[in-house]
Structure formats: structure tokens, C-alpha cells
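Okay, thanks for coming, everyone. Let me put this one up on the screen, and then I'll walk you through a helix, some rings and a pocket.

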Amino acid sequence: MHPLPRSLEPLSGESLVSYLLRLGHRLGLSPLHLSRAAGWIRQGTPNHFPGSLLLDLPKPQAEAFARLTGQTAREVSALTLAQWRDRYPPIARSLSEPGRLMRPDAWVYVGSPRFCPSCLAGDGTAAQQLHGGPWLKLWHLPIVFVCTEHRRYLEAECPYCGQPHDAQGPLVQRANDHTLHPAQCRWTVAAQTPRRKSFACAGRLDDRTAPACDRPQPTADILRFQKSLRGRLKSPTRAMEASEYFTDLRLATALISTTWPHSRDLLDAKTAERIDSNSPKLHDDSGGRRNQQVRDTPPRDPVVCGALLMAADRLLSRDDLPDLLSEIMRAAFGSPSSRTPWAVLYDKHKNDCSERLRQVAEPATRAFPRVNGRRGTHAPLRTGYQAEHIPAFLEPDWYQRYLASCAGSESKAVRRAGAVRLVQWATGGTYDDAAEFLGITPIQTRLLPGHKTRRSVRTGCNPLELDRALRSLASELQSPREPPVDYRRRRQALHEWVLSTDAWKGLVRELPPDLIQFRALTNDRKRQDASVFIWTLVTRGEHLFAPRPLEAAQPTEIRRQWAARRNTAWFQYSRPDPLPHYADLRHVLAKYAQQLARDIDSGAGRIAPGADKAGGPHSPTLTHSQHSCP
């Protein structure tokens, strides 16, 4: 490879395509010829100009082009979008993996960027008078819609041929054409005569007097917003902060577009009218996957795009974002659901968005958590409380003060699911991981059946309201008024626990003399039921998940009989107005549970069977059962 006889200094901020056009114009060579000379063209695709060249140049390719043009590899790499890949996620999303073709993200204009005619006209220097001004790298990003230097909206299409429309197109149109000026339109138009198939439009895009649509001047607010967006692409904004913001902006923009016209009030009247012309395309479900891409594609019209992005930015900054999101979603789709078009888009980008947006969006898009799968994994939030301080069945006081008013008829499910969610926020991971931490069977963790979203309306259970209530409870748990209880330690201490035979007989002897029925029925089934009741008081768990070692040790037929009486026994223990003998038994068992909890919390550990603890022969014994059949 020999260096070119002449070269050209890159202009500040210009793209690789811009440099190829201007250098080729100076040398009378086509962009495709320069690409071949640099060794960028693969064998078997002699006329293919890879779009990935705009995004990033591998070191060997950058060094080859640097030798060809007399530059440094660093100067060549600066012509690509790679410098923003950590700040602007669509760039990284567009980069192809080894062995795969590049699929440009909708939020990167790889083929034909928008442009400023004044910038293309140049700054008056000799080189720019001959070869034109630069096509800026920034123009390939939809978040740039205004030229802040010339205080005008960018142009989206050629004023002569009207192209491009919504198509991305190749990286360089008519890449083998060396006759065109860098500021001329390279899009192909149909020939007027049958002898000639097609030719380049060749309209001058740097002509400030060219015919154009009635485009307004950007307002001061739009200019400030545009400058703030560009500012996020460089220091001192942290790369992660910028990346999360642009993902949030993308999702908020998609929300407005997807829920149109219910989000109309977020835009000014003129912009709303422009978007109305796009609304049939947004809401035509016949397009399937293609229609979903339309919803996630920013408008090419710079005026509409700028107003839509600014509305999305304002939406993200609102304090009432959770309520507003709920209103928009319900108005557009009838009820919050993970099957809505926006929820699908959110699921695609949620790992890249901010924690705040995840907290707002999760109850609307994951109102009914998916179980038995790895989807829905979260990083831990900054909760301020520990997961071990959450009981498996939320404390009754917590439930009454925060959740009862919005739980509808799903009180038990809400107490269960609320505990799982609080643990998930503290530990991260999936919903199932949090349920396992609490000792809950995954099949029981769903707040409501995930595919039956209508049931939430029927039961009066509003997942969005529940989420807000849970977050209020989480805030209280950050600063407890008393030392928090380590429920995990209690669950671990009572793993496979059951009352010993002696302890059970001693508790029965404490009952009033007239309770002959209980004195006569000191069998293992009664002992198992009493053990379950004590376990629920100590661990604040549900009886459904209590250990039942005595039952597990019985023959199959006996286990079936015991299981059939579980609900009946639990009803007697838990009903508000129990029969007198159950009321007395509950009183005895509750005292035993209080002492057992104190022993566990104090770190007493395992207590030998029959030990005289706390001054009584029938005090708690932390031991596994010596099983016996009835």
C-alpha cells in the first residue's frame, strides 16, 4: 500500500464519510476507490461499503488508512462514533459481533444523517470553498436536531428529490461515483428517458436558497435543550450517567409515541398536529414486528423530533412520574400489562436505564412477576434495610398501615408477594431468588396470575398503588424505631423443628382441667398442628410453608389424612373468635412462642431436650423430633 500523493486535513467534528467525500473530491477518486486502497473492502463484496466503518475502526484498519492518508491512527479513529459508545448506547448496539452482519440501531443514522446547509457551505477558507464544509459526526445521532452555531433546525431530506424518507440506506450512496461534490445529493433518482435507468439527484445541499418546507426557527428552550444533550456526550458528565439518561430518554420518547394520543398534552399544539399525521403508522398493529420498530424510531423531522425529545425529558423530570405513567398506560391500554407495546420495548432496554425509571416502570410492566425463570433479574436497590429483617408473611401492622387499603380481596397474596418484593429490592436477583431466601415455594410467589391481567380490576388490587405503598414501607424500614428482628435467623433455627413429645404434654397440662378433649388427644397430629402455629408466630411466616417433619415421617395414607385436615386445624388456630378450648390453647402456645423467639434472638442456639430454661420445665426446646406414629 502506497501513500496517496496528496491528502487533506480532517475538519473538527467531521465524520469518516465526510472525510472520504472531501478527500475523494480533491483527488478525483470515488469513496469506494479509497476504501479499497485502505483494504476495507472484503473479498466477495467488491462494491459493499461496510456501515460499521462509521461506528468504529479496528486498529489494523485505522492504521492502514492512516498510512494511506498521512495521518495518525488516533486521528483516523476520531472520525468514527466510537468516542461516544460508552455514553450513547445505540452506538454499541449497532456494532456487529464477529461473523454477524451489522444491524443499525434505529437511534443511529448510519446511512443518511440530517444536515445543516450552512455548515456544508463551509467557513470561507480556501479548502472549504473547494471541497465544502464537514458532514458532522453529531448529525448521525437523532438526539442532534438543531445546529446551535447557525441557530437553525437541521434538514432531514434533499429539497430537490425529497430523499431519504425513513430508510437508512447504505453508508455512502453511489459510492463508486467520483464526479459529485461532497455537498451534492448522492441519492439515485429515476431517469426520465428509457435509455438511462437512473442517475444521481446532484442537488446542492449547501444552497441556503434551495426550496425548503416552512420550517420554524428553534426557540430558546429548544436551543438550551439541544446544548444540554450535546453536553452529556462529553465530560464532566460521567459515562454511566449519560448512558442511563439517553436510555431513559429513548424509553420516554417511545412511551409518548406508543400511547399517542393519550400523551398529547405533553406537547405543544403545533407539534401535536405534526405527530397526528404519523399516528396511523404508530397504531397500525398489522405491521407486527416492523410496527414495533416504528414505535422505537425517532421522527426524522427535526422539529417533531426535538419537541418529542424535550417532552420526554420533561416527563422524566416530573415528580409525579409514577402517577403519570399509570394514567397514560391505563388510558392507552385499559390496564397495566406486561404485554403492551411499550412494555416490550422497556423489557429490551431496562438493563441500560436508570434505577429511578426501573422503580417507576417495573410495577406497570411487571405487575405480575414472572416465576420459575431467570427473567426479571434486578441489581439490589439502595434500600437501607437488610433482607433478613423481612418476614415471609408481612407483619400485620405493616400490612394494615401501608397495604390494606390497596390490596382489595388479595390480602394474603399481597402480604406474601410484598415480602418477596422487599427482599428482592434488598438483595437483587430474581423474584424466585427472593422467594427462596424467605423459604417460599416459587409457585406461590405470584401476586396474581401473570397472564390474567383483568383479575387485578376484579379484585380491586392495583399493582401500581401497591408498589408505591411498598416503597413507603421500605422508607420506614430504613430507620426502625426498635432494633429489627432477624427473621432469617429464626427460620434457620426452626428449620425442620417440631415440639418435643415432653414439651407438648407439658403444654397440654397447662390447659384448664375441663378441656378433657385436648388432654385425651395428645397425639402427633395435634402436636404437629401446634408446632406449625408456634412456627408462624416466631418466624412470621405462613402455615403453608411451615416444616412438617412429623407428617413427612408417616405412611402415605396417614400423610393424606393429615393433609386433608390442615386447613380445618389452621382455621381453628387463626379464626378471630375460636372455640373456648382453642382460645386457651392459643394462649399457652403464644407464651411458648414468645419465649422461643427470645431464646433464638439472644443467640441461645440449640437447647437440649427437656432442659429447664427460663425457670420452667416446659420451656422451649430447639431440637428435631424423635418421630412416633399415632
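Predicted model: local features only at pLDDT ≥ 70, side-chain atom pairs only at ≥ 80, totals over all residues.

Which of its residues are buried? Ala-62, Ala-64, Phe-65, Ala-66, Leu-68 and Thr-69. Those buried residues pack against helix 1 (16–27), helix 2 (31–37) and helix 5 (73–77). Then, just after helix 4, you get Gly-70 with a positive phi of about 75 degrees.

Okay, rings. A pair of aromatic rings is described by the distance of the centres and the angle of the planes. The count here comes to eleven aromatic pairs. Take Tyr-245 and Phe-246: the ring centres are 5.5 Å apart and the planes sit at 65 degrees, and over 60 counts as edge-to-face, so that's what this pair is. Are these two buried or exposed? Tyr-245 has a relative accessible area of 11%, so it's buried, and Phe-246 is buried too, at 3%. Tyr-245 also has a charge on its face: Arg-232 lies over it, 3.6 Å from the ring centre.

Now compare Phe-533 and Tyr-573. Their centres are 5.0 Å apart with the planes at 20 degrees; under 30 is stacked, so we call this pair stacked. This pair links distant parts of the chain, with Phe-533 in helix 26 and Tyr-573 in helix 29, 40 residues apart. Both Phe-533 and Tyr-573 are buried.

One other Arg to click on is Arg-471, which lies over the face of Trp-425, 4.1 Å from the ring centre.

Last stop, the second largest pocket. How much space is in there? About 1,200 Å³. It's lined by 42 residues, and the closest to the centre are Phe-393, Glu-395, Pro-396, Tyr-487 and Arg-540. Several helices each put at least two residues into that lining, among them helix 18 (396–403), helix 19 (411–427), helix 22 (463–477) and helix 23 (487–493). Which helix gives the most? That's helix 30, with six residues. By class, the lining comes out at 20 nonpolar, eight polar and 14 charged residues.

That's my tour, so over to you.

Conventions:
Residues numbered from 1 in each chain as written. Heavy atoms only, no water. 1 Å grid on protein atoms, 1.4 Å probe; cavity = no way out; pocket = protein on both sides within 12 Å on 5 of 7 lines; lining within 4 Å. Points joined across faces, edges and corners; volume = space filled by probe spheres on them. Helix = DSSP H or I, 4+ residues; strand = E, 2+ residues; numbered from the N terminus. Nonpolar A, V, L, I, M, F, W, Y, C, P; charged D, E, K, R; others polar. Phe/Tyr/Trp six-rings, centres within 6.5 Å; stacked < 30°, edge-to-face > 60°. Buried < 20%, exposed > 50% of the residue type's maximum accessible area, 1.4 Å probe, protein only. Lys NZ or Arg CZ within 6 Å of the ring centre and 35° of its normal. Contact = heavy atoms within 4.5 Å.
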